[in-house]
Amino acid sequence: MEYQNQYQDAPETKYECLLFDVDDTLYSQSSGLSKQCTKNIEEYMIEKLGMEESSASELNMVLYRNYGTSMAGLKAIGYEFDNDDYHSYVHGRLPYENLKPDPVLRNLLLSMPIRKVIFSNADKVHVAKVLKKLGLEDCFEGIVNFESLNPENTSNSDDGHEPKDLLCRSGSNTEIVAGDSQLLKTPILCKPFEDAFEQAFNIANINPQKTLFFDDSTRNIETGKNMGLHTVLVGKSHRTNGADYALESIHNIREALPELFCTDHKRSKSIKYSEKVAIETSVRA
Ligand SMILES: [Mg+2]
């Protein structure tokens, strides 16, 4: 089959773009950033949105699970707040000092002669800070972040309703009320929803069939796969639904995908993986 049009170079190259999540993908979860971020979000819910301490943690978990980010969930259930204020509160006190320059990853990234793009739900200040701390700020051609996914800066709410509480207390228990079991609409565009992927593809001019997507979130990987991307689950030793590869660490990328480092595609086919490295891959002909 002839391959025409904008993908002019190297018709034999399987991938023409590498798409990377940032948090817990380009650095290890053990940095403690995610954990602190969760704490900060819960504190924001209590301090700024007036929620009860007893319910903030569980509600945060439910919203995160259902909406991809806590912010998207909070907006969906009707809370109104300034996006920048939220981001500076939850990211402003993260232990960024735990992130150290990663020359190994930098070298790996620069050794792959394929365009690289960031796709993160986080805001641009946070993404820039993380990349700078890791010493990777010049390794990517473009960045898709919260602001690019939500350019109109979402003044929330069509109707100005009071926030709806997804938790109802019976006795000392909190119980999730699913309501009509349909998710409320959120004005925030973010992974893992398909429209966020579509937007990212448009913004960064990405052909998903020729793109390899790296993310630590199993549900992002699942949607990514449904959207036509090739997928690498990072931070896990086993593949989950929709993951073509699993890497315990992004540092294992060369062992799992040697063809990314090789401009001669035919030659790369003969390279075998090392069994010793903690990776899992699907069999590829
Ligand atoms: Mg992540």
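**View 1. Overview of the predicted protein chain.** This is a predicted model, in which local features need pLDDT of at least 70 and side-chain atom pairs count only at pLDDT 80 or more, whereas totals for chains, interfaces and linings use all residues. Residues are numbered from 1 along each chain as its sequence is written. The secondary structure of the protein chain comes to eleven helices and nine strands, taken as DSSP runs numbered from the N terminus (helices are H or I, at least four residues; strands are E, at least two). Of the 285 residues in the protein chain, 35% are buried, a term that requires 20 or more other C-beta atoms within 10 Å of a residue's own, with 12 or fewer counting as exposed, the range in between as partly exposed, and C-beta atoms placed from the backbone.

**View 2. Packing of helix H1 against helix H2.** Helix H1 (residues 33-47) and helix H2 (residues 53-67) pack at an angle of about 130 degrees, and their axes are 9 Å apart; axes are lines fitted to C-alpha atoms, for helices over the stretch in contact, and angles run from 0 to 180 degrees between N-to-C directions. H1 and H2 are therefore oblique to each other, since angles under 35 degrees count as roughly parallel, over 145 as roughly antiparallel, 65 to 115 as roughly perpendicular and the rest as oblique. From H1, Thr38, Ile41, Glu42, Met45 and Ile46 meet Glu53, Ala56, Ser57 and Asn60 of H2, contact being defined by C-beta atoms, placed from the backbone, that lie within 7 Å.

**View 3. Strand E7 and its neighbour E6.** Five of the five residues of strand E7 (residues 230-234) are buried, so E7 is largely enclosed by the rest of the structure. His230, Val232 and Val234 point one way from E7, while Thr231 and Leu233 point the other way. Strand E6 (residues 211-215) runs parallel to E7 and is joined to it by four bridges, where pairing requires that DSSP find at least two bridges between two strands.

**View 4. Surroundings of Val125.** Val125 lies in helix H6 (residues 124-134) and, with 16 C-beta neighbours inside 10 Å, counts as partly exposed. Leaving aside neighbours within four places in sequence, Val125 is in contact with His87 and His91. Val125 and Gly92 are 33 residues apart in sequence, and their C-alpha atoms are 9.6 Å apart in space.

Technical notes: Contact = placed C-beta atoms within 7 Å.
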